[in-house]
Amino acid sequence: MRAGVLHAAGDLRIEDRPDPVPGPGEVLIRVALNGLCGTDATEYAKGPMMVPLQVPHPGSGHVGPTVLGHEFVGTVVDTGPGAEDWIGRRVACGAGVSCGRCAWCAGGRTNLCASYYTLGLSTHGGLAELATAPASTLAPVPDALPDEEAALAQPLAVGLHAVARAGVAPGERVVVVGAGAIGSFVLAGLRGHDGQVVAVDVDADRLAGAAALGADATALVPRDATTQDLQELMADSLDGPPDVVVESSGVPGAAARALGLAARGGRVLLVGLVKAPQELALADAVLREVDVRTTVAHVCATDLPGALALLARTPLGPTIGTRVVGLGSVVEDGLAPLAAGAAGGKILVDPRPAGARP
């Protein structure tokens, strides 16, 4: 099979690899599409950070660099023992693998599993013609849902999980700070919310996308905006201070600004990751009893089927814009522009040879 294999920063190669063999409880998926995200682009441009450079290839005994890809859909063409019911089914893979036995798994929080790992980041993934995955990471794709929509299920599941973690209640005012990749899927998860939803970003094009996703208002802010600047902008967009602030930009200082923006007794959900230490003046947040919550990944058993059901009701591709590229051009047409911040919409990779594509 052909696969996109990360060897080093700036060095992703399209290689022939042995076909993987599913183990017990696993399936073999013929991949139709694999979505690219910012994490893939960062691993390509600056990594490897999360991606190990030497991992075993399923069923072959071959040890080598990692096949990327954690947002993929396709058809199950073979299974290992215990997964036979999946044969022939079209599936979306959630990519997050959990043990099913630890205390977090028993409580339904499989994304916090004590031995959690991610296909395409911790081990081989779906940027290939074939991929193996545990059956526990799968959800069946509705018959009427095209692959281009189903390929959005994994990142949309992340957005749905974030909305659930924020505990957004009917009628609440919500501000989403950062309308990039994950922020867009959070906004998609908020579609139909009967309270006010405002998107904040430094990029006008992103805000146009946020409006298309259903944001009631948008606010274009300078990169050096202060909490007071944001409060003044919100005064023109909201009936009052936001009950919920979702911080998905991940830029330095954003957490502090989000805390200052939230209403008395409100909530802040931290989505964006900032690796560098940050200063937080917490006295004001304590005196206003602002709750701080965090979110990571999604729960395959609930968020992934929820995402597919939402996509079946309300297609997302036409709104965010999707573009399909071939595996052979994944670097120049996908990872490189994504890493440079020059890629609009969602890039999907078709790993099949050109003559085999529909």
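User: Is Arg352 buried, partly exposed or exposed, and what is the relative accessible area?
Analyst: This is a predicted model. In it, Arg352 has a relative accessible area of 22%, so it is partly exposed. The cut-off for buried is under 20%.

User: What does Arg352 form a salt bridge with?
Analyst: The partner is Asp350, with the closest N and O atoms 3.0 Å apart. Asp350 counts as buried because its relative accessibility is 4%.

User: How many salt bridges does the count come to?
Analyst: The count comes to 9 salt bridges. One of them joins the side chains of Asp243 and Arg173, at 3.7 Å from N to O. That pair links distant parts of the chain, 70 residues apart.

User: Where are Asp243 and Arg173 in the chain?
Analyst: Asp243 is in the loop between α7 and β16 (244–247), and Arg173 is in the loop between α4 (153–166) and β13 (174–177).

User: Buried or partly exposed, for Asp243? And for Arg173?
Analyst: Asp243 has 18% relative accessibility, so it counts as buried. Arg173 has 22%, so it counts as partly exposed.

User: Which side chain meets Asp201 in a salt bridge?
Analyst: The side chain of Arg206 does, with an N to O distance of 3.7 Å. Asp201 counts as buried at 5% relative accessibility, while Arg206 counts as partly exposed at 43%.

User: Switching to helices. At what angle do the axes of α7 and α8 cross?
Analyst: Roughly 45 degrees, and the axes come within 9 Å. Helix α7 covers residues 227–235 and helix α8 covers residues 254–261.

User: Why are they called oblique?
Analyst: Angles under 35 degrees count as roughly parallel and 65 to 115 as roughly perpendicular. The angle for α7 and α8 is roughly 45 degrees, and the two helices are therefore oblique to each other.

User: Is the crossing left-handed or right-handed?
Analyst: The crossing of α7 and α8 is right-handed.

User: What about phi of Ala95?
Analyst: Phi of Ala95 is near 70 degrees, which is positive in a residue other than glycine. Ala95 belongs to the loop between β8 (90–93) and β9 (96–97). With 0% relative accessibility, Ala95 counts as buried.

User: And Glu289, what is its phi?
Analyst: Glu289 is not a glycine either, and its phi is positive at about 50 degrees. Its loop runs between α9 (283–287) and β18. Glu289 is exposed, with a relative accessible area of 63%.

User: Last topic, spacing. How far apart are Val5 and Tyr44 in sequence and in space?
Analyst: They are 39 residues apart in sequence and 9.9 Å apart in space, C-alpha to C-alpha. Val5 lies in strand β1 (residues 2–8) and is buried, with a relative accessible area of 0%.

User: What separates the C-alpha atoms of Ala135 and Pro24?
Analyst: A distance of 9.5 Å, for residues that are 111 apart along the chain. Ala135 is in the loop between β11 (130–134) and β12 (138–140). At 16% relative accessibility, Ala135 counts as buried.

Methods. Residues numbered from 1 in each chain as written. Predicted model: local features only at pLDDT ≥ 70, side-chain atom pairs only at ≥ 80, totals over all residues. Heavy atoms only, no water. Axes fitted to C-alpha atoms, helices over the stretch in contact; angles between N-to-C directions. Helix = DSSP H or I, 4+ residues; strand = E, 2+ residues; numbered from the N terminus. Parallel < 35°, antiparallel > 145°, perpendicular 65-115°, else oblique. Left-handed = near helix turned anticlockwise from the far one by under 90°. Salt bridge = Lys/Arg side-chain N within 4 Å of Asp/Glu carboxyl O. Buried < 20%, exposed > 50% of the residue type's maximum accessible area, 1.4 Å probe, protein only.
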